[in-house]
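Thanks for coming. I will go through one structure today, and I will keep to side-chain contacts and strand pairing. Please have the sequence and the model open while I talk.

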Amino acid sequence: LPTNFALLTVRSYVDIDGLELMRTHVLSNRRYMAKKQNNQLFLAYGARYLRFSDEFNVDGSGGVLGYSHWYTSIVNNLIGPQVSLRWQNQRGRWSTSVQGRGMLGYNISNWKQNGGIGLNLVRGHYNQPLYLNPTSFEHGQSRGDLSPLAELRLDASYQISKAVAFRVG
């Protein structure tokens with residue numbers, strides 16, 4: 001029989017958290033002429049922690065397989081040293097910047113999956129399989145890998161007043 005459900009709910013959740021401790025050095029631009037001193041270069045280094053959490057849940061009821069569900073959760077924890085280089089240009093009220101970051105991270109990933117198929121089936125009942133028994137499962141794994149990470153950030157801002165700026169990035 002084809003697999004179908006009277007009601008199917010699919011949900012996906014993603015959550016990203018992080019913490020970084022960085023030391024920043026402003027590289028001098030005094031060797032340039034005064035009109036070229038609107039450019040600044042920043043060098044930063046330190047440590048970074050990132051946590052990516054991803055959940056994917058499926059619930060189905062009614063139809064050939066009765067009530068069935070699949071829940072999958074993956075959590076990635078990355079930690080490692082990071083370096084950053086940022087260039088900033090200021091022209092009047094306008095400011096633009098380009099920043100590149102690199103991290104040599106170690107990823108500890110934990111995943112688990114559980115679910116069930118045909119949990120409320122009655123064998124041989126009308127429009128239900130004769131030889132399908134309700135089945136449940138649960139799996140999980142933890143693993144560590146080297147995970148380098150690179151980022152490129154671009155942004156521009158317009159200074160409206162001393163305390164307020166409009167920023168896009």
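Start with Glu20 and Arg48, which form a salt bridge whose closest N and O atoms are 3.4 Å apart. Glu20 belongs to strand β1, residues 7-27, and Arg48 to strand β2, residues 39-61, so this contact ties together parts that are 28 residues apart in sequence. Before going further: this is a predicted model, and everything I quote is computed from it.

Are these two residues buried or exposed? Glu20 is partly exposed, at a relative accessible area of 29%. Arg48 counts as buried, because its relative accessibility is 8% and the cut-off for buried is under 20%.

Arg48 also has a salt bridge to Glu151, at 2.4 Å from N to O. Glu151 is in strand β5, residues 135-159, while Arg48 is in β2, so here the parts tied together are 103 residues apart in sequence. Glu151 counts as partly exposed, with 22% relative accessibility.

Glu151 in turn meets Arg153 in a salt bridge, with an N to O distance of 3.0 Å. Arg153 is partly exposed as well, at 35% relative accessibility.

Which residues does the network of salt bridges link? They are Glu20, Arg48, Arg101, Glu151 and Arg153. For the whole structure, the search finds seven salt bridges.

Six strands make an open sheet, in the order β1-β2-β3-β4-β5-β6, with antiparallel pairing. The edges are β1 and β6, the latter being residues 165-168; each has a single partner strand, so one side of each is left without a neighbour in the sheet. On average, neighbouring strands in this sheet are turned by 20 degrees against each other, direction ignored. As a reminder, strands of a sheet pair through backbone hydrogen bonds, and the pairing can be parallel or antiparallel.

Take the pairs in turn. β2 and β3 are antiparallel and pair over 22 bridges. If you want a position to look at, Gly46 stands opposite Gln82 in β3. The hairpin of β2 and β3 has six residues between the strands, and in it Gly62 takes a positive phi near 80 degrees.

Next, β3 pairs with β4, residues 94-117, over 21 bridges, again in the antiparallel sense. Thr72 is the residue opposite Gln113 in β4. How many residues lie between β3 and β4 in their hairpin? There are two, and Gly92 in that turn has a positive phi of about 65 degrees.

At the other end of the order, β5 and β6 run antiparallel and are joined by four bridges. Ala156 has Val168 in β6 as its bridge partner.

On to aromatics. The search of the whole structure finds one aromatic pair. The rings are those of Trp94 and Tyr158, with centres 5.0 Å apart and planes at 55 degrees, so the pair is tilted. Trp94 is in strand β4 and Tyr158 in strand β5, so to speak of sequence, the pair links distant parts of the chain, 64 residues apart. Tyr158 is partly exposed, with a relative accessible area of 30%.

Last item: the surface. A nonpolar patch is formed there by Leu27, Leu41, Leu43, Leu85, Trp87, Val98, Leu152 and Leu154, which together have about 690 Å² of accessible area. Which elements give two or more residues to the nonpolar patch? They are β2, β3 and β5, with β3 covering residues 68-91.

Leu152 is one of the patch residues, and its place is in strand β5. Leu152 counts as exposed, because its relative accessibility is 63% and the cut-off for exposed is over 50%.

To recap β5: Glu151 in that strand ties to Arg48 in β2, Leu152 in β5 is part of the nonpolar patch, and Tyr158 in β5 pairs with Trp94 in β4. That is what I have; questions are welcome.

Key
Residues numbered from 1 in each chain as written. Predicted model: local features only at pLDDT ≥ 70, side-chain atom pairs only at ≥ 80, totals over all residues. Heavy atoms only, no water. Salt bridge = Lys/Arg side-chain N within 4 Å of Asp/Glu carboxyl O. Buried < 20%, exposed > 50% of the residue type's maximum accessible area, 1.4 Å probe, protein only. Patch = residues over 30% accessible without salt bridge, like charges linked within 9 Å, V, L, I, M, F, W, Y side chains within 5 Å. Areas by Shrake-Rupley, 256 points an atom, 1.4 Å probe, with all protein chains shown as cover. Pairing = 2+ DSSP bridges. Axes fitted to C-alpha atoms, helices over the stretch in contact; angles between N-to-C directions. Phe/Tyr/Trp six-rings, centres within 6.5 Å; stacked < 30°, edge-to-face > 60°.
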